[in-house]
Amino acid sequence: MSILLPNSHILCRSEIHQREQQLLSSTGNGLKSYGFGFDRSKSDLCKKFAKKDFIKSYAFWPDLSRPTSVEMDPIQDCEQLDKALDRAKDLSQPIVIDWMANWCRKCIYLKPKLEKLAAEFDTKLKFYWVDVNNVPQALVKRGNISKMPTIQLWKDGEMKAEVIGGHKAWLVMEEVREMIKKFV
């Protein structure tokens, strides 16, 4: 059974071993669980088990040394795209570009999910985004964009793979993750 404490950074899990569960069920005086904790009418029994170390608690802390999301950098013209591609070529790393529009609901929904994915691959590649309505059409043509959202992976100055996100967000994210793993 897991209990989420008021502090969201700590998750405590209490485990009652199988032997104690059998003891509880055989006596008929077991603790009742309603999904929120134990029934207070049996608190003396709970204290008895706690004294005998039947209940073991463990705490899990998330890895706070790594970011949970990384903000993607915008690309606003062809020069910025060239600089990003040159930087990626120097580091021999691919880049991911999210081609989106500010009116596209799926694009807006995918952006924070891509920023979380960027945190997973923080040191291995860089994520960028382009709002196709606020950039020159030459940039959009260079990316060969016809539908949005389109997530492309560029390596060595060339577009290597793309995912066109017209379906469920979790499917798009799985396809993007697979695309990245092929080239990283």
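Good morning. I begin with strand β5, which is mostly covered: six of its six residues are buried. The model I am presenting is a predicted one. Within β5, the side chains of I95, I97 and W99 point one way, those of V96, D98 and M100 point the other way, and all are buried.

Let me place this strand in its sheet. The sheet is open and has five strands, in the order β4-β6-β5-β7-β8, with mixed pairing. Strands β4, residues 73-74, and β8, residues 158-164, stand at the edges with a single partner strand each, so one side of each has no neighbour in the sheet.

Which strands does β5 pair with, and in which sense? On one hand, six bridges join β5 to β6, and these two strands run parallel. Within that pairing, W99 has V130 of β6 as its bridge partner. On the other hand, β5, residues 95-100, is joined by five bridges to β7, residues 150-155, and here the strands run antiparallel. Two of the partners in β7 may be named: W154 is the bridge partner of I95, and L153 is the bridge partner of V96.

I turn next to the connections. Strand β5, helix α4 and strand β6 make up a β-α-β unit, and this unit is right-handed. Further along, β7 and β8 form a hairpin with two residues between them, and D156 in the turn has a positive phi of about 55 degrees. The pairing of β7 with β8 is antiparallel and extends over six bridges. There, T150 has I164 of β8 as its bridge partner.

Helix α3, residues 78-91, lies across β4, β5, β6 and β7, and runs at about 155 degrees to β5.

Now to the charged side chains. How many salt bridges does a search of the whole structure find? The search finds five.

K126 belongs to strand β6 and D73 to strand β4, so the pair ties together parts that are 53 residues apart in sequence. K126 counts as partly exposed, at 32% relative accessibility, and D73 is partly exposed as well, with a relative accessible area of 29%.

The next pair is D82 with R142, where the closest N and O atoms of the salt bridge are 2.6 Å apart. Because D82 lies in helix α3 and R142 in helix α5, residues 137-142, this pair ties together parts that are 60 residues apart in sequence. D82 is partly exposed at 30% relative accessibility, and R142 is partly exposed with a relative accessible area of 35%.

The remaining pair for today is R177 with E120, whose side chains meet in a salt bridge at 2.8 Å, N to O. This pair links distant parts of the chain, with R177 in helix α6, residues 169-183, and E120 in helix α4, residues 105-120, 57 residues apart. E120 is partly exposed, with a relative accessible area of 41%. There is also a network of salt bridges here, in which E120, E174 and R177 are linked.

What of the cysteines? The structure holds zero disulfides. C78 is partly exposed, with a relative accessible area of 25%. C104, by contrast, counts as buried, at 8% relative accessibility; the cut-off for buried is under 20%.

I close with a loop position. Is N144 buried or exposed? N144 is found in the loop between α5 and β7, and N144 is exposed, with a relative accessible area of 63%. N144 and M159 are 15 residues apart in sequence, and their C-alpha atoms are 9.7 Å apart in space.

Thank you for your attention.

How values were computed: Residues numbered from 1 in each chain as written. Predicted model: local features only at pLDDT ≥ 70, side-chain atom pairs only at ≥ 80, totals over all residues. Heavy atoms only, no water. Pairing = 2+ DSSP bridges. Helix = DSSP H or I, 4+ residues; strand = E, 2+ residues; numbered from the N terminus. Contact = heavy atoms within 4.5 Å. Axes fitted to C-alpha atoms, helices over the stretch in contact; angles between N-to-C directions. Salt bridge = Lys/Arg side-chain N within 4 Å of Asp/Glu carboxyl O. Buried < 20%, exposed > 50% of the residue type's maximum accessible area, 1.4 Å probe, protein only. Disulfide = S-S within 2.5 Å. Right-handed = clockwise from strand over helix to strand, strands pointing away.
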